[in-house]
Amino acid sequence: MPEWVEIIIRTLATIVALFLITKGLGKKQLSEMNVFEYITGIVIGDIIAVHATDVDSNLFYGVIAAFLWFIIPWGAEYLSMKNKTLRDFIEGKSTVFIQNGKIMEDNLKKERYTIDELQEALRDKNIFRAADVEFAVLEPSGTLSVLPKKEYRPLTAKYLGIEVPPDKQPETVIMDGKVLHEPLANLSLNVNWLETELDKLNVSIENVFVGEVDSDGQLTVDLYDDKIAVPSPTEKPLLLATLKKCQADLELFALATENEQAKQLYQKNSKKLKSAITRITPYLK
Amino acid sequence: MTVGSQVKGCFSSIKSAEATLSLLANKTQDQQTKEVFENTQKILSEVKEDLQKQVIWLGTEESQYKF
């Protein structure tokens with residue numbers, strides 16, 4: 001057998017083996033949760049590479065070695081799912097670097113981190129003063145997780161006391177100009193509805209690159225032809241404007257009328273509408 | 001424009017808003033949002049009924065503008 005034929009066979013065989021191994025190890029391998037997993041990935045790659053190109057080596061031995069490098073980390077991960085002590089041993093524990101705003105020098109030394117490296121890691125998180133940090137921990141994967149002090153944390157709606165309506169994930173209903181039926185059905189909508197909405201936007205489905213529907217049933221599209229301007233959804237802002245206008249009208253009527261009974265009626269309804277508007281405004285934004 | 005026609009305009013705006021709300025309430029996937037829309041719709045229908053009475057009453061008052 002000429003050598004180049006053998007190389008082809010070896011390469012094809014190792015590609016299949018590598019594909020199966022990476023499928024078996026799963027996505028976690030990619031995120032390199034700890035040093036062991038990181039090195040496992042490198043070693044498997046190396047074994048495969050050597051046996052694909054080196055015609056003097058025994059392909060069968062290579063497969064055995066790669067299989068062992070697959071099955072042992074896989075087994076270790078399986079066992080560590082069952083047992084916390086084993087998990088701490090295999091996956092490693094995180095090390096606290098800053099607690100209650102104070103740097104733990106001993107822990108830094110244990111992980112062989114200098115203060116320069118700690119500061120560098122903090123800067124990576126956009127923190128330029130160690131004093132701004134409440135809590136920081138070095139994860140087994142080697143990344144530093146930082147909890148800034150309360151006053152340095154980003155503002156949230158809860159902190160500001162703003163009411164925000166709940167929302168769910170948007171669904172993609174059109175892709176490459178074709179309707180995706182399953183997500184559409186998940187939203188309990190149908191193709192007829194989609195066609196009506198597209199008609200409202202004055203676009204044809206063939207021209208839509210991607211179309212998404214949010215949890216409130218608003219359709220937004222991106223077109224192949226970027227010169228065409230697509231109007232943004234107006235239903236909700238229009239509704240809010242209508243409600244506000246009606247409320248103002250009622251107030252005006254209450255001021256204009258001289259009939260006491262009618263005045264009270266207008267005022268009552270104006271107040272009702274006003275409270276309804278306050279309640280619904282976050283949902284219409 | 002007479003007061004009657006102004007109130008009538010407001011009345012029809014409310015009606016349209018009510019319809020839009022019921023549409024939104026049916027389209028949304030979220031239960032809480034649905035409830036808010038439905039409650040608002042209820043308030044609007046109360047306002048609408050009051051206004052309807054007013055429209056009728058104004059119609060009798062302003063009968064001279066009818067032709």
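Me: Why is A:Phe253 called buried?

Reply: Buried means under 20% relative accessible area, exposed means over 50%, and partly exposed is in between, with a 1.4 Å probe and protein chains only. A:Phe253 has a relative accessible area of 5%, so the residue counts as buried. A:Tyr266 has 2%, so buried is the word there too. Please keep in mind that this is a predicted model, where local features need pLDDT of at least 70 and side-chain atom pairs count only at pLDDT 80 or more, while totals for chains, interfaces and linings use all residues. Residues are numbered from 1 along each chain as its sequence is written, chains are lettered from A and ligands numbered from 1 in the order in which they are written, and side-chain values use heavy atoms, with hydrogens and water left out.

Me: How many aromatic pairs does the structure hold, and what makes the pair of A:Phe253 and A:Tyr266 tilted?

Reply: There are six aromatic pairs over all chains. Rings of Phe, Tyr and Trp (its six-membered ring) pair if their centres lie within 6.5 Å; planes under 30 degrees apart count as stacked, over 60 as edge-to-face and the rest as tilted. The ring centres of A:Phe253 and A:Tyr266 are 5.4 Å apart and the planes stand at 50 degrees, so this pair is tilted. A:Phe253 lies in helix H11 (residues 235–256) of chain A and A:Tyr266 in helix H12 (residues 260–284) of chain A, so the pair ties together parts 13 residues apart in sequence. Helices here (H or I, at least four residues) and strands (E, at least two) are DSSP runs, numbered from the N terminus.

Me: Why is the pair of A:Tyr283 and B:Phe37 called edge-to-face?

Reply: Their planes are at 70 degrees and their centres 6.5 Å apart, so the pair is edge-to-face. This pair crosses between chains, from A:Tyr283 in helix H12 of chain A to B:Phe37 in helix H2 (residues 31–61) of chain B. Both A:Tyr283 and B:Phe37 are buried.

Me: How do you know that A:Lys168 and B:Asp30 meet in a salt bridge?

Reply: A salt bridge is a side-chain nitrogen of Lys or Arg within 4 Å of a carboxyl oxygen of Asp or Glu. For A:Lys168 and B:Asp30 the distance is 2.9 Å, N to O. The pair crosses between chains, from the loop between helix H8 (157–160) and E5 of chain A to the loop between helix H1 (3–27) and H2 of chain B. A:Lys168 is partly exposed at 40% relative accessible area, whereas B:Asp30 is buried at 8%. A search of the whole structure finds 13 salt bridges over all chains.

Me: What separates A:Glu197 and A:Lys200 in helix H10?

Reply: They are three residues apart in helix H10 (residues 191–201) of chain A, which means a separation of about one helical turn. A:Glu197 has 12% relative accessibility and so counts as buried, while A:Lys200, with 57%, is exposed.

Me: Which side chain is partner to A:Arg10 in a salt bridge?

Reply: That partner is A:Glu6, at 3.2 Å from N to O. Both lie in helix H1 (residues 3–25) of chain A, four residues apart, about one turn of the helix. A:Arg10 is buried, with a relative accessible area of 4%, and A:Glu6 is partly exposed, with 23%.

Me: Why are the buried residues of H3(A) said to be on the same side?

Reply: The buried residues are A:Glu37, A:Thr40, A:Ile44, A:Ile47, A:Ile48, A:His51 and A:Ala52. They cover an arc of only 125 degrees around the axis, so they sit on the same side of H3(A). The arc is that of the directions from the helix axis to the C-beta atoms. The face turned away from that buried side carries the exposed residues A:Val35 and A:Thr53.

Me: Why is A:Asn126 called exposed?

Reply: Its relative accessibility is 65%, so A:Asn126 counts as exposed. A:Asn126 lies in the loop between helix H7 (115–124) and strand E3 (133–138) of chain A. Its phi is near 65 degrees, a positive value in a residue other than glycine.
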